[in-house]
Amino acid sequence: MARLKHTDWPARLWIVRHGQSAGNVARDQAEQAAAHLIDLQTRDADTPLSELGHAQAAALARWFAALPPDERPTTLMSSPFVRSRQTMEAVAAALGTDPDEVLVDERLREKEFGVTDGYTATGIAAKFPELAEQRARVGKFYFRAPGGESWCDVILRLRSVVEVLRRDYVGERVLIVAHQVIVNCFRYLLECMDEAEILEIDRRADVPNCAVTAYAIDRDADGSRFGLQVANLELPLDRAGVPSTGAADRPAGPR
């Protein structure tokens, strides 16, 4: 793992997974019932936060608002999916930021699951046994379901986001709210990992809802390096006494 030596980066970058969604709850229920389909009445992009997810978003918002003024985010970027936008709306309100100033970027959207969208792991194995076998053989990093994306596809679109951060937001304090796979794929890029390293991190634990991963320029280091400060920090929820959640990616399909 390497640290990036250049200083043409945001002064600080936070990447946060959205609060618990109604989809997380429905997925857990479907898995417990060994159902093949997740019972959701909305498409994935329109799935809102759960009641707990709203509480988590509020706790995250209070945590950012409690930072000294010269340490708070100056730029807010969100996935277009409703659960991410609702999480960011809570933060923007706490910071006194006009909601219209939140930058919504489709490149930060959830990984696309293609034909397996809406199925549990049990359902995928039953309806698409050949795809399940292929994913097991190829691995989640490279596997792409028909009509969907692999992790490599997600990484490809995030490379252009990184270029924008290095071009337009040098010296800014940027907060991104998105999804579990997005958090991990950013880590792959920003920490110069390889497939084995990021999949080991993914295997050990899920990204908790509203957990904070932060990067900053360490000006005390030789060459003022840009690097990881903390990964998956759950302090905002701990301080607020709000339960932490992190749905596994296996029940969600071939993430």
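At what angle do the axes of helix α6 (residues 151-168) and helix α7 (residues 180-190) cross? Their axes cross at roughly 65° and come within 9 Å. This is a predicted model, where local features need pLDDT of at least 70, side-chain atom pairs count only at pLDDT 80 or more, and totals for chains, interfaces and linings use all residues. Residues are numbered from 1 along each chain as its sequence is written, and side-chain values use heavy atoms, leaving out hydrogens and water.

**View 1. Helix α6 crosses helix α7.** Axes here are lines fitted to C-alpha atoms, for helices over the stretch in contact, and angles run from 0 to 180 degrees between N-to-C directions. Helices are DSSP runs of H or I with at least four residues, strands are runs of E with at least two, and both are numbered from the N terminus. α6 passes α7 in a right-handed crossing (the near helix is turned clockwise from the far one by less than a right angle). On the α6 side, look for W151, V154, I155, R157, L158, R159, V161 and V162; α7 brings V181, I182, N184, C185, F186, Y188, L189 and L190 to the contact (heavy atoms within 4.5 Å). By class, that contact has 13 nonpolar, one polar and two charged residues. Nonpolar covers Ala, Val, Leu, Ile, Met, Phe, Trp, Tyr, Cys and Pro, charged covers Asp, Glu, Lys and Arg, and the others, Gly among them, are polar.

**View 2. Helix α2 packs against helix α3.** These two axes come within 8 Å and cross at roughly 35°, and the crossing is again right-handed. H54, A57, A58, L60, A61, F64 and A65 of α2 meet Q86, T87, A90, V91, A94 and L95 of α3. The tally is ten nonpolar, three polar and no charged residues.

**View 3. The buried residues of α2.** G53, Q56, A57, A59, L60, A61, W63 and F64 are buried (under 20% relative accessible area, 1.4 Å probe, protein chains only). They pack against α3 and α9 (235-240), plus strands β1 (12-17), β4, β5 (212-218) and β6 (225-233).

**View 4. Helix α3 (residues 82-95) and the glycine after it.** With 14 residues, α3 reaches 20 Å from its first C-alpha to its last, close to the 20 Å expected at 1.5 Å a residue (1.5 Å times one less than its number of residues). R83, S84, T87, M88, V91 and A92 are buried, packing against α2 (51-65), β2 (75-78) and β4 (173-178). Next comes G96, with a positive phi near 75°.

Methods: Buried < 20%, exposed > 50% of the residue type's maximum accessible area, 1.4 Å probe, protein only.
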